[in-house]
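We will go from stop to stop, with something to select at each one.

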Amino acid sequence: MKYLITGGTGFLGSYVAKNLIDGGHHVVCYDFAPNVNSIQQVLTREELESVTIRSGNICDLAGFTHVCQDEKVDTIIHLAGLLKSACEENVPAAIDTNLSGTVNIFEAARICGIKRVVYASSIDAIGQPDFIEEPILRNDVPHMPLNIYGKLKDACEFMGAFYNTRYGLETVGLRYVVTYGKARMRGGSNWIVELLNKPAMNIDSVVPFGDATSDMIYVKDAAGATVLAASVCADRLKQPAYTITGEAKSVREMRDYVAELLPHVDIQLQPGTLELEKGYDGSAAREDLGYTPKYSVFEGIRETIRLIRTEAGLTSI
Ligand SMILES: NC(=O)c1ccc[n+]([C@@H]2O[C@H](COP(=O)([O-])OP(=O)(O)OC[C@H]3O[C@@H](n4cnc5c(N)ncnc54)[C@H](O)[C@@H]3O)[C@@H](O)[C@H]2O)c1
């Protein structure tokens, strides 16, 4: 099978590419900044040589359609987009990239006769529906996004459902919770840099949101869920979008665990809560996609720190 990954040289895209290569598939990474992103940190030189990298912008429908035709793509995994803070810094660019760009992907798939598009949504699409009393939000809960990023992801889910109903395109949205791991370079979750990246490099840090609990998914699990969504039989797909969970842990417990691994680093905790406070129910993804996380938060944290330290030539933990 040949998979095209938009944003394929970014953080999650690199791990999805690696997972697909391990499964013996052909991978095309479509990205507009292919040389400066995470992929060299995640793939071996041999794996990288097996990937076709095509430069382009998802806002260019004709150019993207041409690449899909030229590469004879079977399935698209659409991960390109601007993250939360970038959306707020440049709203017109956010609408172009995250909403129109996503519609371009659905449209190109329709034109090219590609059967399935798996695309990145986010728990920010759900937001904080405060009219729901339960502390755990089920997969089909009504959405109430709190920010531009979430509002655009929610609109993408609407568009995905439209292309499915109108044209029979298999569109599968994946609402990842906070995704962490080595090679994460940007995003609204910069508190993870304070929690993981700085201490891993022996740098003292101050972790905000010390009173919060967050559902955290290790990037290898997020990539695994993405590949399952891309390959599962169509008749198992019962939902237009799935919440992809990891494990919920308090920021304090995570900080304490990192401090235990790296006792020589001073990791302070600042009080505060995160914008999204409720928990998420991942049972729909478990039942329909066969996805369950393989990494506990502590296992994922340990591996992330170990990989960062190995790459930096620091002593192992
Ligand atoms: N990382 C997380 O915690 C998280 C959580 C929920 C959802 N998501 C979603 O998952 C997807 C991947 O996130 P990530 O963390 O890998 O982000 P990332 O920034 O590392 O990767 C995104 C990639 O998209 C590319 N890109 C951006 N605009 C483009 C355009 N117009 N044309 C072509 N390429 C373009 C960038 O160059 C980058 O390589 C995003 O859609 C994001 O919203 C991420």
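Which residues does A225 touch, not counting residues up to four places away in sequence? Select A225 and look around: its partners are L174, I244, A285, L289 and Y291. Touching, here and below, means that two C-beta atoms, placed from the backbone, lie within 7 Å.

Before moving on, note that this is a predicted model: local features need pLDDT of at least 70, side-chain atom pairs count only at pLDDT 80 or more, and totals for chains, interfaces and linings use all residues. Residues are numbered from 1 along each chain as its sequence is written.

**Stop 1**

Helices (H or I, at least four residues) and strands (E, at least two) are DSSP runs, numbered from the N terminus.

**Stop 2: the sheet**

Switch to cartoon and follow the open sheet of seven strands, β3-β2-β1-β4-β5-β7-β11, paired in parallel. Two strands pair if DSSP finds at least two bridges between them. At the edges are β3 (52–55) and β11 (241–244), each pairing on one side only. From one strand to the next, the twist averages 20°. Helix α4 (residues 61–71) packs on the sheet, where it touches β1 (2–6), β2 (26–31) and β3; its direction makes about 160° with that of β1. Axes are lines fitted to C-alpha atoms, for helices over the stretch in contact, and angles run from 0 to 180 degrees between N-to-C directions.

**Stop 3: strand β5**

Select residues 116–122, strand β5, which seven bridges join to the parallel strand β7 (residues 170–176). Show S121 and you will find R175 of β7 opposite, while S122 has Y176 as its bridge partner in β7. Strand β4 (residues 75–78) also pairs with β5 in the parallel sense, over four bridges, and there T75 stands opposite R116.

Are the faces of β5 covered or open? Both are covered: R116, V118, A120 and S122 on one side, and V117, Y119 and S121 on the other, are all buried.

**Stop 4: two helix pairs**

Select α6 (residues 91–112) and α8 (residues 148–167), which pack at an angle of about 15° with their axes 10 Å apart. The two are therefore roughly parallel (angles under 35 degrees). Side chains to display at this contact include I95, L99 and F106 of α6 and L152, M159 and Y163 of α8.

Next, return to α4, which packs against α6 at about 45°, with axes 9 Å apart. The contact involves L61, F64, T65, C68 and Q69 of α4 and N104, E107, A108, I111 and C112 of α6.

**Stop 5: E253**

Finally, select E253 in helix α11 (residues 251–261). E253 counts as exposed because it has 12 C-beta neighbours inside 10 Å. Draw a C-alpha to C-alpha distance from E253 to N98: they are 34 Å apart in space and 155 residues apart in sequence.

Technical notes
Parallel < 35°, antiparallel > 145°, perpendicular 65-115°, else oblique. Buried ≥ 20, exposed ≤ 12 C-beta atoms within 10 Å, placed from the backbone.
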